[in-house]
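Subject: Handing over the structure

Hello,

Here is the structure I promised to pass on to you. Please have a look at it first, and then read on for what I found.

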Amino acid sequence: MSTLLEVSGISVTFDGFRAINNLSFDIGPAELRAIIGPNGAGKTTFMDIVTGKTKPDAGKVLWGEMSRNLVGLNEARIAQEGIGRKFQKPTVFEDQTVQENLLMALKKNRGAFAVIFWRPTGEDLDRVTELAGEIGLANELKRKSGELSHGQKQWLEIGMLLAQEPRLLLVDEPAAGMTPSEREHTTAILVEAAKTRAVVVVEHDMEFIRRLDCRVTVLHEGSVLAEGSLGHVTADQEVIDVYLGR
Amino acid sequence: MERSFLLKNPSVLVFLAVLAMFTIAVTVMSEAFGAGLVSTSFVKTLGKTLCLALIALAMDLVWGFAGILSLGHFAFFGLGGYMIGMWLMYERTRLIVEESMAQAAIPPTDSEVVDAIGSQIFGVVGSADFPPIWMFADSLTAQLVLVVAVPGLLAFVFGWLAFRSRVTGVYLSILTQAMTLALSLYLFQNDSGLRGNNGLSGLQNLPGVTASQDFVSIWFFWASALALGLGYLFAAWLVSGKFGSVLRGIRDNEARVRFLGYSVEGYKLVIFTVSAMIAGVAGALYYPQAGIINPAEIAPIASIYLAVWVAIGGRGRLYGAVIGAVFVSLVSTYFTGGQAPNINLGVYVISWVDWWTVLLGLSFVLVTLFAPQGIGGLVDLFARRQHPERHGADLGPDKGALRESEAEQ
């Protein structure tokens with residue numbers, strides 16, 4: 001299988017602390033992958049590096065068919081390449097309506113002058129309504145997103161990610177603070193999304209990962225400890241020692 | 001298209017209607033056209049106030065929408081004033097010089113005329129030659145272009161350097177202060193080419209116009225009102241669509257906008273430059289009404305006042321900025337003009353000319369603490385608009401749907 005993203009041998013050090021240590025990782029164009037690991041294992045730093053927020057000291061992040069190196073590109077450029085990211089805390093634009101949030105995320109020309117003259121067509125509005133339906137916010141389009149509940153904000157953010165039509169989705173703890181039924185819905189959205197694109201989920205909740213039913217990568221102290229099905233990694237003695245056994 | 005834009009933004013129509021009514025009312029009451037209820041000097045004050053409202057609008061675009069607290073916008077305002085002032089001074093001096101030289105037996109050559117103009121304008125700083133920056137001073141068209149081009153270019157270069165290095169927040173504000181201070185100190189020098197601390201003067205006299213100041217003042221008042229109206233329409237159009245969404249996104253969460261694929265630096269640069277150009281236009285209309293411009297006008301304090309106006313009026317809404325600028329600058333004229341009665345406390349007399357700044361500072365602090373929406377926030381009371389206020393801890397891992405503050409209600 002071809003790979004969409006290939007991270008090879010990246011390392012990064014913060015004030016002498018080695019957050020990522022010679023980490024390698026790859027994912028195919030339509031694959032769901034979960035990343036687990038104890039606090040400080042480097043999960044968020046890994047996402048920061050892929051999305052361009054943090055520059056690695058060494059290593060490469062190769063992207064797409066052309067194996068283009070993403071290291072050194074800025075965040076906006078990388079996002080335009082087709083990498084979308086959802087943060088741990090729901091970060092939507094609270095002072096703007098659900099519709100405005102989604103319109104902003106829609107895959108369109110991101111240049112400032114193009115945006116000044118851009119006005120949504122009926123088609124764009126339909127697409128937004130459709131997305132809102134998928135994330136259960138069809139009746140909230142005109143509401144300020146700051147008024148939404150925590151779980152709804154999480155969904156709105158996932159909806160914004162889908163609107164971006166990224167080829168790779170990086171999702172940080174999507175189920176945090178959600179009710180059980182909301183979690184189920186989130187699982188369904190992620191599994192559906194992974195049929196057409198690559199999805200990387202960072203999650204603490206083992207139950208949630210079990211439901212995702214996908215390959216799991218275990219990070220520990222900044223590098224990959226084990227990789228495989230959930231059954232495989234949970235049987236791994238090293239994994240039990242550093243993470244699950246605690 | 002345009003119609004639907006106005007329908008979607010009723011506040012724009014209301015604003016334009018109020019502005020038009022105000023303009024007509026002042027015109028009818030002016031010395032030039034009617035009852036003479038409003039003195040010419042007060043017409044000038046009102047015209048200048050409209051220009052201040054226009055720069056407040058520009059300030060609101062960068063601060064209220066994009067979250068860039070620029071404390072150097074009067075640099076752009078002043079540059080706009082200097083650009084138009086150069087032509088006004090050159091042209092008026094030329095007419096005077098030509099008139100006086102016409103009496104001479106031998107008609108003067110062109111270079112003699114230019115030299116005479118030069119010594120007239122620069123005699124005060126001990127020079128007679130035109131510095132290179134006066135190259136286009138004889139052309140009104142060129143100077144009008146420079147009114148927007150010079151502030152725009154300065155803002156572009158400054159913004160490019162600052163935003164690219166991701167300087168934000170208070171550090172950026174300090175940089176903008178430094179910019180306006182540096183420009184003001186530079187212009188104070190006699191060899192800066194703009195007559196040092198004398199500045200440019202006599203700007204209220206339009207070259208070749210024989211009408212009295214009664215009329216000139218009302219013309220400028222109209223021009224200021226028109227500029228404010230067009231500026232408001234333009235600003236409202238700019239922020240009404242996705243561009244406005246992205247700007248507000250940058251204000252609220254810059255990093256998130258980046259991860260959506262928008263180049264935050266590019267957007268900041270565009271809005272900063274556009275805003276500087278609007279400020280330049282405002283300055284070009286202001287200083288002919290003030291009659292004089294000198295480097296003290298672009299001292300850092302002026303730009304800080306601008307931020308105070310916008311804060312008191314209510315940032316993040318265009319009419320708030322206009323209300324703030326108009327209200328505070330008119331009240332300021334009242335208090336500092338010696339019209340406000342002093343308060344005699346027996347042991348101490350509160351003279352408003354001195355105490356006005358204290359009052360202003362106090363209101364700024366009070367507005368910031370207790371009414372962050374400013375005067376414009378009063379509109380929300382009528383419109384019953386609610387602002388999302390959902391901060392607080394989650395109630396529990398599985399009660400994600402509720403937050404602390406909501407459960408208390």
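Before we start on the sheets, one term: two strands count as paired if DSSP finds at least two bridges between them. Please also keep in mind that this is a predicted model.

Strand 7 (residues 168-172) and strand 8 (residues 198-202) of chain A run parallel and are joined by five bridges. Within that pair, A:D172 has A:V202 of strand 8 of chain A opposite it.

Both strands belong to an open sheet of six strands in chain A, ordered 6-7-8-3-9-10, in which the pairing is mixed. Its edges are strand 6 (83-86) and strand 10 (223-228) of chain A; each has a single partner strand, so one side of each has no neighbour in the sheet. On average, neighbouring strands of this sheet are turned by 20° against each other, with direction ignored.

Helix 1 (residues 43-50) of chain A packs on this sheet, where it touches strand 3 (32-36), strand 6, strand 7, strand 8 and strand 9 (215-220) of chain A. The direction of helix 1 makes about 150° with that of strand 7 of chain A.

There is a second sheet in chain A, also open, with four strands in the order 2-1-4-5 and antiparallel pairing. Here strand 2 (17-27) and strand 5 (68-69) of chain A are the edge strands, and each pairs on one side only. Strand 1 (residues 5-14) of chain A is joined to strand 2 of chain A by seven bridges, and the two run antiparallel. One example to look for is A:V12, whose bridge partner in strand 2 of chain A is A:I20.

Helix 1 of chain A turns up here too: it lies across strand 1, strand 2 and strand 4 (58-63) of chain A, at about 65° to strand 2 of chain A. Is this helix enclosed or open? Seven of the eight residues of helix 1 of chain A are buried, so the helix is largely enclosed by the rest of the structure. The buried ones are A:K43, A:T45, A:F46, A:M47, A:D48, A:I49 and A:V50. Just after helix 1 of chain A comes A:G52, with a positive phi of about 90°.

A:P166 has 22 other C-beta atoms within 10 Å and is buried. Leaving aside residues up to four places away in sequence, A:P166 touches A:G82, A:I83, A:G84, A:L161 and A:R197.

Stepping back to the whole of chain A, there are 10 helices and 10 strands. The radius of gyration is 18 Å, close to the 18 Å that the globule rule gives for 246 residues, so chain A is as compact as a globular protein of that length. Buried residues make up 47% of the 246 residues in chain A. Of the contacts in chain A with a separation of 6 or more, 67% are between residues 24 or more positions apart.

Lastly, chain A meets chain B. The contact takes 33 residues from chain A and 30 residues from chain B. On the side of chain A, the elements giving two or more residues are helix 2 (75-81), helix 3 (98-105), helix 4 (112-117), helix 6 (150-163) and helix 7 (180-193). The residues of that side divide into 12 nonpolar, 11 polar and 10 charged.

Best wishes

Technical notes. Residues numbered from 1 in each chain as written. Chains lettered and ligands numbered in written order. Predicted model: local features only at pLDDT ≥ 70, side-chain atom pairs only at ≥ 80, totals over all residues. Rg over C-alpha atoms; globule rule 2.2 N^0.38 Å. Buried ≥ 20, exposed ≤ 12 C-beta atoms within 10 Å, placed from the backbone. Contact = placed C-beta atoms within 7 Å. Nonpolar A, V, L, I, M, F, W, Y, C, P; charged D, E, K, R; others polar. Axes fitted to C-alpha atoms, helices over the stretch in contact; angles between N-to-C directions.
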